[in-house]
Amino acid sequence: MAQAWTVENVMRIHTRHVFMCVGPRCTEDGVQAQAMFELMGEKIDARPELRIKRTRTHCMVACQNKGPILVVYPEGVWYQCADETALERIVVEHLEGGREVSDLIFHRLAEGDTCRLENQHV
């Protein structure tokens, strides 16, 4: 007899959804971006109280080779996450502490057009 599928069978309950680009444009062949995605998973899994779903994307067409890009929903905040220090700050300050990391944000959902990342002071 087949088991009935429920939300609990498919994924754990989450309050935020984080998307990270791991495409070949973010970092050379996406290698560093994929490593950062995996590191983000370790950091989130070490904090199970966060209840965060993470998803990798191929390309968000926003980084102009200054990625990877990390987007947090439901806030709709788009971060440039260029290294492990930035990733740590996003996890600790935003995901755990509830405070956006303003100097890493380059776009917010429904708040105007994005700027080219090379003009950002990150």
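In which sense, left-handed or right-handed, does α2 pass α3?

**View 1. Helices α2 and α3 cross one another.** In this view of the predicted model, α2 passes α3 in a right-handed crossing. Helix α2 covers residues 31-45 and helix α3 covers residues 84-96, and their axes come within 11 Å while crossing at roughly 35°. On the α2 side, the contact is formed by Met36, Leu39, Met40, Lys43 and Ile44, and these residues meet Glu84, Leu87, Glu88, Val91 and Leu95 on the α3 side.

**View 2. Phe19 and Tyr73 form an aromatic pair.** A search of the whole structure finds two aromatic pairs, and this view shows the one made by Phe19 and Tyr73. The ring centres of Phe19 and Tyr73 are 6.0 Å apart and the ring planes stand at 85°, so the arrangement is edge-to-face. Because Phe19 belongs to strand β1 (residues 16-21) and Tyr73 to strand β3 (residues 69-73), the pair ties together parts that lie 54 residues apart in sequence. Phe19 is partly exposed, its relative accessible area being 23%, and Tyr73 also counts as partly exposed, at 25% relative accessibility.

**View 3. Trp78 and Phe106 form an aromatic pair.** Here the rings of Trp78 and Phe106 have centres 6.3 Å apart and planes at 85°, so this pair, too, is edge-to-face. Trp78 is found in strand β4 (residues 77-80) and Phe106 in strand β5 (residues 105-108), and the pair thus links distant parts of the chain, 28 residues apart. Trp78 counts as buried at 16% relative accessibility, and Phe106 is likewise buried, with a relative accessible area of 7%.

**View 4. Arg54 sits over the ring of Phe37.** This close-up shows the charged end of Arg54, which is placed over the ring of Phe37 at 4.2 Å from the centre of that ring.

**View 5. Cys21 and Cys81 are buried cysteines.** Cys21 counts as buried because its relative accessibility, 2%, falls under 20%, and Cys81 is also buried, with a relative accessible area of 0%. When pairs of cysteine sulfur atoms are required to lie within 2.5 Å, the count of disulfides in the model comes to zero.

Key
Residues numbered from 1 in each chain as written. Predicted model: local features only at pLDDT ≥ 70, side-chain atom pairs only at ≥ 80, totals over all residues. Heavy atoms only, no water. Phe/Tyr/Trp six-rings, centres within 6.5 Å; stacked < 30°, edge-to-face > 60°. Helix = DSSP H or I, 4+ residues; strand = E, 2+ residues; numbered from the N terminus. Buried < 20%, exposed > 50% of the residue type's maximum accessible area, 1.4 Å probe, protein only. Lys NZ or Arg CZ within 6 Å of the ring centre and 35° of its normal. Axes fitted to C-alpha atoms, helices over the stretch in contact; angles between N-to-C directions. Left-handed = near helix turned anticlockwise from the far one by under 90°. Contact = heavy atoms within 4.5 Å.
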